[in-house]
Amino acid sequence: KKIYHYNHLTSTNDQLKKLADEGKGEGTVVVAEQQTAGKGRLGRSWFSPPGAGIWCSVLLRPTVSPAHAPKLTLLGAVAVAEGIEKYTGLQPGIKWPNDLLVEGKKVCGLLTEMRAEVDSINYVTLGFGINIKLVDFPEEVKGKAITLEGVLGKKLNRVGLLACILNAFEKNYLLFLSKGFSPIRGKWEELNVTLGKMVTVTSHSGTVSGEAVALGDGGGLVVRTDGDELKEFLSGEVTLS
Ligand code: BTN
């Protein structure tokens with residue numbers, strides 16, 4: 001499997017999509033020192049200054065229906081959390097769907113994109129961005145973001161950490177292919193910091209508050225609203241209250 005390393009790209013996900021369209025295989029990895037147009041979820045941008053973090057995307061070609069895609073993002077969050085834990089000893093918590101938090105602040109975000117037919121996935125690009133070096137964050141994320149070196153109080157070897165994460169990725173993906181989602185779900189539930197909490201979820205259908213009670217079958221977040229109704233969200237932004 002090949003790892004493509006670049007000094008700068010617009011976005012590692014976009015570059016990996018190009019390679020995927022050229023027929024590159026599962027497990028192909030793209031990593032860049034800097035992204036000039038890093039993408040976040042929900043149309044946001046992702047701050048990716050040179051050398052300050054790990055900006056990386058992994059190519060998957062699972063032969064499953066597109067309905068399984070959200071589970072792959074949850075798998076990605078578990079894998080990155082395990083890699084960070086193994087390499088640094090810090091245990092990040094997962095905020096649904098896939099933000100990794102340390103000390104309540106965001107240290108990593110994941111963005112899954114896919115090319116699919118109605119009933120089959122052509123490919124998935126699973127991108128993750130990890131904040132590592134202390135930097136001046138843009139105003140919008142200041143106060144909500146944190147860096148691994150800031151927390152650890154020492155320098156971190158990015159290559160060593162990335163190797164650990166990619167190993168965890170492979171291990172969890174093989175587990176998913178052989179045993180299905182349930183072992184990954186178990187680990188996600190263990191690492192999550194969302195279930196059992198009062199949350200506010202903002203999605204295209206509006207804003208709802210209530211208790212986050214479960215991870216749905218498809219990977220959605222089930223919320224018991226203040227009006228005692230159960231609602232499942234497949235995407236959206238969660239605020240813990
Ligand atoms: C989010 O939390 O909103 C998701 C952030 C995802 C950022 C990563 S960095 C590598 C990959 N390439 C991108 O353009 N975005 C993802």
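Before the details, a word on conventions: residues are numbered from 1 along each chain, following the sequence as it is written. Since the model is predicted, local features need pLDDT of at least 70 and side-chain atom pairs count only at pLDDT 80 or more, while totals for chains, interfaces and linings use all residues.

I start with the record.

Helices (H or I, at least four residues) and strands (E, at least two) are DSSP runs here, numbered from the N terminus.

Are these residues buried or exposed? Asn13 is buried, because 24 other C-beta atoms lie within 10 Å, and the label is likewise given to Gln35 because of 26 such atoms within 10 Å and to Thr12 because of 28. The cut-offs are 20 or more other C-beta atoms within 10 Å for buried and 12 or fewer for exposed, with partly exposed in between, and the C-beta atoms are placed from the backbone.

As for contacts, meaning C-beta atoms, placed from the backbone, within 7 Å of each other, I leave aside residues up to four places away in sequence. On that basis Thr12 touches, among others, Gln35, Trp55, Ser57 and Gly127. Asn13 is in contact with Lys39, Ser57, Leu111, Glu113, Thr125 and Gly127, and Gln35 touches residues including Ser11, Thr12, Trp46 and Trp55. By contrast, the C-alpha atoms of Thr12 and Gly236, 224 residues apart along the chain, are separated by 23 Å.

Now the ligand. Which residues come nearest to the ligand? Of the 21 residues around it, they are Ser11, Gly40, Gly109, Gly127 and Gly129, where a residue counts as near if its C-beta atom, placed from the backbone, lies within 6 Å. Two or more residues of this shell come from each of α1, β3 (53–60), β6 (105–116) and β7 (121–131). By class, the shell has 6 nonpolar, 11 polar and 4 charged residues, with Ala, Val, Leu, Ile, Met, Phe, Trp, Tyr, Cys and Pro taken as nonpolar, Asp, Glu, Lys and Arg as charged, and the others, Gly among them, as polar.

Strand β9 (residues 206–215) is joined to β10 (residues 221–225) by 5 bridges; Leu215 stands opposite Leu221, and Glu211 has Arg224 as its bridge partner. These two strands form a hairpin with 5 residues between them, and in the turn Gly219 has a positive phi of about 100 degrees.

On the β11 side, 4 bridges join β10 to β11, with Val222 opposite Glu232. That hairpin has 4 residues between its strands, and Asp228 in the turn has a positive phi of about 65 degrees.

Notes: Contact = placed C-beta atoms within 7 Å. Pairing = 2+ DSSP bridges.
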